[in-house]
Amino acid sequence: MTTDPIADYLTRIRNAVLANHRVVEIPASNLKKEITKILFDQGYILSYKFEDNATQGIIKIALKYDKLTKEPVIKAIQRISKPGLRKYAGANELPRILNGLGIAIVSTSHGVMTGRQAQAEKVGGEVLCYVY
């Protein structure tokens with residue numbers, strides 16, 4: 001059992017990118033599924049598939065690499081809010097990542113969304129991670 005499943009999720013993706021793997025398998029949860037959908041919508045992963053089994057289920061993520069240089073699309077993925085120190089931001093305090101080139105994933109009262117979507121809807125929340 002992990003004490004921080006979101007950090008485990010991000011670490012599995014980070015390690016798979018560093019090892020140049022094509023697919024990574026991660027134990028599923030509803031929050032992880034929402035983060036995976038955001039990563040796909042923003043173009044950071046190639047595809048994903050949710051597989052349900054008897055216990056928990058698995059998320060299979062196909063990682064995305066540049067066709068010419070073979071460099072991974074995800075340069076860095078960093079956990080911000082941790083169980084020991086939660087980080088919250090209001091709608092007008094949400095950070096811009098790399099001058100708008102990266103995304104912040106935020107858990108709000110309206111669901112999990114990017115920082116830009118949260119600013120557009122004028123809601124704040126817990127800043128889960130940065131991806132760039």
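Where is Ala 76 found? Ala 76 lies in the loop between strand 3 and strand 4 (77–79). The model is predicted.

**Ala 76 and its surroundings**
- Ala 76 touches Tyr 130, Val 131 and Tyr 132, leaving aside residues up to four places away in sequence.
- Gly 57 is 19 residues from Ala 76 in sequence. In space, the C-alpha atoms of Ala 76 and Gly 57 are 26 Å apart.

**Nonpolar cores**
- The largest nonpolar core holds 26 residues. Those that touch the most other members are Ile 13, Leu 39, Ile 61, Leu 63, Ile 105 and Val 131.
- A second core of eleven residues is separate. Its members include Leu 94, Val 123, Val 127 and Tyr 130.
- Ile 13 touches Ile 26, Leu 39, Ile 61, Leu 63, Ile 74 and Ile 77. That list does not count residues up to four places away in sequence.

**Helix 1 against helix 2**
- The axes of helix 1 and helix 2 come within 10 Å. They cross at roughly 40 degrees.
- Helix 1 is therefore oblique to helix 2.
- The crossing of these two helices is right-handed.
- From helix 1, the residues in the contact are Pro 5, Ile 6, Tyr 9 and Ile 13. Helix 2 meets them with Leu 31, Lys 32, Ile 35, Thr 36 and Leu 39.
- By class, this contact of helix 1 with helix 2 has seven nonpolar residues, one polar and one charged.

**Positive phi outside glycine**
- Lys 70 is not a glycine, yet its phi is positive, at about 60 degrees.
- Lys 70 is found in the loop between strand 3 and strand 4.
- Lys 70 counts as exposed because its relative accessibility is 56%, and the cut-off for exposed is over 50%.
- Asn 99 also has a positive phi without being a glycine, here about 55 degrees.
- The loop between strand 5 (88–89) and strand 6 holds Asn 99.
- Asn 99 has a relative accessible area of 67%, so this residue is exposed.

Conventions:
Residues are numbered from 1 along each chain as its sequence is written. This is a predicted model: local features need pLDDT of at least 70, side-chain atom pairs count only at pLDDT 80 or more; totals for chains, interfaces and linings use all residues. Side-chain values use heavy atoms; hydrogens and water are left out. A nonpolar core is a set of buried Ala, Val, Leu, Ile, Met, Phe, Trp, Tyr and Cys residues joined through side-chain atoms within 4.5 Å. Buried means under 20% relative accessible area, exposed over 50%, partly exposed in between (1.4 Å probe, protein chains only). Contact means heavy atoms within 4.5 Å. Helices (H or I, at least four residues) and strands (E, at least two) are DSSP runs, numbered from the N terminus. Axes are lines fitted to C-alpha atoms, for helices over the stretch in contact, and angles run from 0 to 180 degrees between N-to-C directions. Angles under 35 degrees count as roughly parallel, over 145 as roughly antiparallel, 65 to 115 as roughly perpendicular and the rest as oblique. A crossing is left-handed if the near helix is turned anticlockwise from the far one by less than a right angle, and right-handed if clockwise. Ala, Val, Leu, Ile, Met, Phe, Trp, Tyr, Cys and Pro count as nonpolar, Asp, Glu, Lys and Arg as charged, and the others, Gly among them, as polar.
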